[in-house]
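Biologist: I'm new to this one, could you walk me through it?
Modeller: Gladly, let me bring it up first.

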Amino acid sequence: MVLSSKQKARRRMHYEKKKRLYGLLFCLPWLIGFIYFFLLSFGEAVLYSLSNVTFTSDGINLTFIGIKNYVQAFTTNADFLQRLTESISAMIYQLPMILIFSVCLSLILNMKFKGRILVRGIFFLPVIIASGVVMTVINGDAMSSSMMGSSNSSVLFQGIEFGNLLLRMGVPEQVANMLMNAVNNIFSLVWRSGVQTLLLVSGLQSVPTDVYEAAQIEGATAWEIFWKITFPLISPILVLTAFYTMVDLATDSSNSMAALILDTSRKSQLSDSSMYSLIWCVVVLLISGILYLICRKHIHYMDERG
């Protein structure tokens, strides 16, 4: 049976409608979750941040005060400004360190050697067991044993000595403090690199081997292959990893702003916790926008290679 052009067009339209319907059905759980768990909560947070929230026998009482809470936060609340500055500066130096370490580690794990699957599992292990309590114990915050105390003291001493060495070399104090914090927190930075490493390993494995073979035939060095082939082709995964890392750092309980939000929330200070959450959300979005503007011109996709 030969179909006419009109019948083919109708079947094609019917098929396209079915595909759109299937797409909507698959997206429906996410849409319901987005509306119920995020959108409604976001609206309540905005309302609480613009109100004076008090608890009565009848429930929560809201008194609308406008942007007074925001004005007080930026003009009279020195603790908030200090925590906001600390959180932003911590993200600025932790983000590139995690990315650089993840790239180096993914290059090693992508090599062919015996037991590499086991090694990949070991580096992904922190993602499985790294709950808040586990991280607290590992960092030594909840342990009082002499062994753990001496270990922490040793790391702190080395960080102080490193900072003094930088100052004697003429490094500005602010830069020296940032580098010293990085040395003191090197374990936690390494601990946070599990997901990033796996994402980058998957990106490395997606690069066609014939591209590497052609480059080697042309006499390209390993350094040239990395910067001319590997780095451009994994740039989309690298940007995704950067955004994931930034959100992970921003929402971590060790972050100063996240700790402030949790602390005010536990104290039932709904106005302050909602206001701090919205301000921190806007700051993270602004940093994300700046990061996107910086990275978008350097993203190369597979079909763009010549």
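Predicted model: local features only at pLDDT ≥ 70, side-chain atom pairs only at ≥ 80, totals over all residues.

Biologist: Where is confidence lowest, and where is it highest?
Modeller: Helix α6 (residues 146-168) has the lowest confidence, at a mean of 51, and α14 has the highest, at 90. Over residues 141-158 the pLDDT stays under 50, and the model has 11 contacts beyond four places in sequence for that stretch, where contact means heavy atoms within 4.5 Å.

Biologist: How many helices and strands does the protein chain have?
Modeller: There are 14 helices and two strands in the protein chain; helices (H or I, at least four residues) and strands (E, at least two) are DSSP runs, numbered from the N terminus.

Biologist: How much of the chain is buried?
Modeller: Of the 306 residues in the protein chain, 29% are buried, where buried means under 20% relative accessible area, exposed means over 50% and partly exposed is in between, using a 1.4 Å probe and protein chains only.

Biologist: Which residues have the most contacts inside the largest nonpolar core?
Modeller: They are Phe 80, Met 257, Tyr 276 and Trp 280, in a core of 27 residues. A nonpolar core here is a set of buried Ala, Val, Leu, Ile, Met, Phe, Trp, Tyr and Cys residues joined through side-chain atoms within 4.5 Å. Two or more residues come from each of α2 (68-75), α3 (78-109), α12 (235-251), α13 (256-266) and α14 (270-295), and α14 gives the most, with nine residues.

Biologist: What is Phe 80 in contact with?
Modeller: Leaving aside its neighbours within four places in sequence, Phe 80 is in contact with Ala 73, Phe 74, Met 257, Leu 260, Tyr 276 and Ile 279. Apart from that core lies another, of eight residues, among them Leu 204, Ala 215, Ile 225 and Ile 234.

Biologist: Switching to the strands, how do β1 and β2 run?
Modeller: Strand β1 (residues 51-56) and strand β2 (residues 59-64) run antiparallel and are joined by six bridges; two strands pair if DSSP finds at least two bridges between them. A hairpin of two residues joins β1 to β2, and across the pairing Ser 51 stands opposite Phe 64, while Val 53 stands opposite Leu 62.

Biologist: Is Ser 274 buried or exposed?
Modeller: Ser 274, which is found in helix α14, counts as buried at 8% relative accessibility. Not counting residues up to four places away in sequence, Ser 274 touches Ala 45, Tyr 48 and Ser 49.

Biologist: And where is Ser 268?
Modeller: Ser 268 is in the loop between α13 and α14, and is partly exposed, with a relative accessible area of 40%. Its phi is near 60°, a positive value in a residue other than glycine.

Biologist: How many aromatic pairs are there?
Modeller: A search of the whole structure finds 10, where rings of Phe, Tyr and Trp (its six-membered ring) pair if their centres lie within 6.5 Å, with planes under 30 degrees apart counted as stacked, over 60 as edge-to-face and the rest as tilted. One of them is the edge-to-face pair of Tyr 36 and Phe 37, 5.0 Å centre to centre with 90° between the planes, and both of these residues are exposed. Another is the tilted pair of Trp 227 and Phe 231, 5.1 Å centre to centre with 50° between the planes.

Biologist: How far apart are Trp 227 and Phe 231 in helix α11?
Modeller: Trp 227 and Phe 231 are separated by about one helical turn, because they are four residues apart in helix α11 (residues 222-233). Elsewhere, ring pairs link Trp 30, Phe 34, Phe 38 and Phe 42 into a cluster.

Note on methods. Residues numbered from 1 in each chain as written. Heavy atoms only, no water. pLDDT = per-residue confidence, 0-100.
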